[in-house]
Amino acid sequence: MSFVIRMFKDSDGRQIVDLFYETIHAVNIRDYTQEQVDAWAPKLSGSELEERVKRFTKSLGESITYVADNEGVVIGFANITEDGYLDFMFVHKDYQGQGVASNLLQILQEEAIRLGVKRVWANVSITAKPFFERHGFVTVQPQTVKRRGVSINNFRMEKTLLR
């Protein structure tokens, strides 16, 4: 399987929203209840779905965002803010364990170093925690967030970047 890492463009928005939903419901369901994944990524249609695409596109466009592209299909995406916050990192369920996330993370870390960021951090799901640990992140604290009134456990993790 081959893919390229490229900068996000607005036209990726719909594929990213679909990937976000599908990954949470197919992959994160291993570590979360159906109620939790439904609260985290509810099934939307019509104008609600279009509004989510607009919100994702705007948010991702305001940060440094890369996508993994396999012949025009977005198979992963990740972003970082200029102060080092890794907000999103998702890989399509059919491309897990194939280096997509590692490649995205490497590029984001290089961007952070270029910007002079000394530390990157993320709010990491139970599912993604082992990946981040393998890449040198340490848990700062467990936390519980609320999505649509449902409690979801995750971890605040961070990594000091070496120059």
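This note goes through a predicted model in numbered points.

1. Basis of the model. The structure is a prediction, in which local features need pLDDT of at least 70, side-chain atom pairs count only at pLDDT 80 or more, and totals for chains, interfaces and linings use all residues. Residues are numbered from 1 along each chain as its sequence is written, and side-chain values use heavy atoms, with hydrogens and water left out.

2. Confidence. The score used here is pLDDT, the predictor's confidence in each residue, from 0 to 100. The protein chain averages 96, and 99% of the residues score at least 70. Element names follow DSSP runs numbered from the N terminus: helices (H or I) have at least four residues and strands (E) at least two.

3. The sheet. Seven strands form an open sheet with mixed pairing, in the order E1-E2-E3-E4-E5-E7-E6. Strand E1 (4-7) and strand E6 (138-147) stand at the edges with a single partner strand each, so one side of each has no neighbour in the sheet. From one strand to the next, the twist averages 30°. Two strands count as paired if DSSP finds at least two bridges between them.

4. Two antiparallel pairs. E3 and E4 pair in the antiparallel sense over four bridges. Isoleucine 80 stands opposite leucine 86 in E4. E6 and strand E7 (residues 150-160) are also antiparallel, over nine bridges. In that pair, lysine 146 stands opposite serine 151 in E7.

5. Turns with positive phi. E6 and E7 form a hairpin with two residues between them. Arginine 148, in the loop between E6 and E7, has a positive phi of about 50° although it is not a glycine. Arginine 148 counts as exposed at 55% relative accessibility. The classes are buried (under 20% relative accessible area), exposed (over 50%) and partly exposed (in between), with a 1.4 Å probe and protein chains only. Glutamate 71 lies in the loop between E2 and E3, and its phi is near 55°, a positive value in a residue other than glycine. Glutamate 71 is exposed, with a relative accessible area of 74%.

6. Helix H1. This helix (residues 13-26) has 14 residues and reaches 20 Å from its first C-alpha to its last, close to the 20 Å expected at 1.5 Å a residue. The expected span is 1.5 Å times one less than the number of residues. H1 lies across E2, E3 and E4, and runs at about 90° to E3. Such angles run from 0 to 180 degrees between N-to-C directions, with axes as lines fitted to C-alpha atoms, for helices over the stretch in contact.

7. What H1 packs against. The buried residues of H1 are Gly13, Ile16, Val17, Leu19, Phe20, Thr23, Ile24 and His25. They pack against helix H2 (34-40), helix H3 (46-61), strand E2 (64-70), strand E3 (73-80) and strand E4 (85-91). Contact means heavy atoms within 4.5 Å. In general, an α-helix has 3.6 residues a turn, so residues three or four places apart point the same way.

8. Leucine 105. This residue is found in helix H4 (residues 100-114) and is buried, with a relative accessible area of 1%. Leaving aside residues up to four places away in sequence, leucine 105 touches Leu86, Met89, Phe131, His135 and Phe137. The C-alpha atoms of leucine 105 and valine 120, 15 residues apart along the chain, are separated by 11 Å.

9. Salt bridges. The structure holds nine salt bridges, each a side-chain nitrogen of Lys or Arg within 4 Å of a carboxyl oxygen of Asp or Glu. Lysine 58 and glutamate 62 form one of them (2.6 Å, N to O). Lysine 58 is exposed at 54%, and glutamate 62 is exposed at 59%. Aspartate 94 and lysine 93 form another (3.2 Å, N to O). Aspartate 94 is partly exposed, with a relative accessible area of 48%, and lysine 93 is partly exposed at 38%. Salt bridges that share partners join Arg6, Asp12 and Asp69 into one network.

10. A buried pair. Aspartate 12 counts as buried at 2% relative accessibility, and arginine 6 counts as buried at 18%.
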